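Here are my notes for your first look at this model. Keep the viewer open and find each residue as you read.

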Amino acid sequence: KTWEILEDNRVTFTSGAVNTYSKITSGLYGDHFGKSNSFYAQVDNKIKKVNFSFGTRLEGHTTDSLKREWNPVFRSGLNIQLAEATFLRSSIGQGFRYPSVAERYIQTQLSGTMILPNPDLRSEHGWSSEIGLKQGFQLGEMMGFIDIAGYISQYRDMIEFTFIPAFPPAFTAINAENTRVWGTEITAT
């Protein structure tokens, strides 16, 4: 639903729900079923040259007879047009990832190395944030943009396959220690 409050002020509200049922039949993972549900809502507000958004989502997941896990996540963003072809943006948001059936239940052997299941994996949780500046340019008849951004992401209980020194050698998915990824990015279009 969109409301035009004033000539240069527009508010948009978006909401919905998703329900997914999965049935997995596999020689590597075994037979499993999963259910995912989510409810979401977002508000976008544009006032002249400023766009702001805020959203939330509640997600529930379960595999087989495991207890359903519910996770709320939030996000927001801001985009400001500073000049005719200059835009400043920022965003922050949360997220999580439920362990896949493959990560939890795979059991196989590859070239003498075992890949073992780990049904006790926990979901990954995290957040990420970005700030960037996008500048338009024109060189003769060629037009484009240069985009410079800085970002940071923080994860808790990140899932990764790790080596187990045993005989025979093996790998299994585990919840690794907390991780942080940060950096800058420059793009020309």
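1. Start with Arg57. Its relative accessibility is 27%, so Arg57 counts as partly exposed. Its side chain meets that of Glu59 in a salt bridge, with N to O at 2.6 Å. Glu59 sits at 17% relative accessibility. Buried means under 20%, so Glu59 counts as buried. Remember that this is a predicted model. In general, side chains of opposite charge can pair when their charged atoms come close.

2. How many salt bridges does the structure hold? There are 6. Another of these joins the side chains of Glu103 and Arg97, at 2.9 Å from N to O. Glu103 is buried, with a relative accessible area of 11%. Arg97 is partly exposed, at 31%.

3. Stay with Arg97. Arg97 also forms a salt bridge with Glu124, and the closest N and O atoms are 3.2 Å apart. This pair links distant parts of the chain. Arg97 belongs to strand β6 (residues 86–97), while Glu124 belongs to strand β9, and 27 residues separate them. Is Glu124 buried or exposed? Glu124 is buried, with a relative accessible area of 8%. Elsewhere, salt bridges with shared partners join Arg89, Glu130 and Asp147 into one network.

4. Next, look at the open sheet. Its 4 strands come in the order β7-β8-β12-β11, and the pairing is mixed. Which strands stand at the edges? They are β7 (108–110) and β11 (159–164). Each has a single partner strand, so one side of each is left without a neighbour in the sheet. From one strand to the next, the twist averages 30 degrees.

5. Strand β8 (residues 113–116) and strand β12 (residues 170–175) run parallel, joined by 3 bridges. Leu116 stands opposite Thr172 in β12.

6. Where is Asn118? Its place is in the loop between β8 and β9 (124–139). Asn118 is buried, with a relative accessible area of 18%. Leave aside its neighbours within four places in sequence. Asn118 is then in contact with Glu103, Arg104, Thr172, Ala173 and Ile174. Glu103 is the residue that meets Arg97 in a salt bridge.

7. Compare an antiparallel pair. Strand β10 (residues 142–156) and β13 pair in the antiparallel sense over 10 bridges. In β13, Ala188 is the bridge partner of Ile146. Strand β13 (residues 179–188) is hardly covered. Of its 10 residues, the count of buried ones is 1. In general, side chains in a regular strand alternate between the two faces of the sheet.

8. Finish at the surface. Which residues form the nonpolar patch there? They are Trp3, Ile5, Leu6, Phe13 and Val43. Together they have about 480 Å² of accessible area. Strand β1 (residues 2–6) gives the most to this patch, with 3 residues. Trp3 lies in strand β1. At 41% relative accessible area, Trp3 is partly exposed.

Notes: Residues are numbered from 1 along each chain as its sequence is written. This is a predicted model: local features need pLDDT of at least 70, side-chain atom pairs count only at pLDDT 80 or more; totals for chains, interfaces and linings use all residues. Side-chain values use heavy atoms; hydrogens and water are left out. Buried means under 20% relative accessible area, exposed over 50%, partly exposed in between (1.4 Å probe, protein chains only). Helices (H or I, at least four residues) and strands (E, at least two) are DSSP runs, numbered from the N terminus. Two strands pair if DSSP finds at least two bridges between them. Axes are lines fitted to C-alpha atoms, for helices over the stretch in contact, and angles run from 0 to 180 degrees between N-to-C directions. Contact means heavy atoms within 4.5 Å. Patches are made of residues with over 30% relative accessible area and no salt bridge: like charges are joined within 9 Å, nonpolar side chains (Val, Leu, Ile, Met, Phe, Trp, Tyr) within 5 Å. Accessible areas come from the Shrake-Rupley method with a 1.4 Å probe; for residues, only the protein chains shown count as cover. A salt bridge is a side-chain nitrogen of Lys or Arg within 4 Å of a carboxyl oxygen of Asp or Glu.
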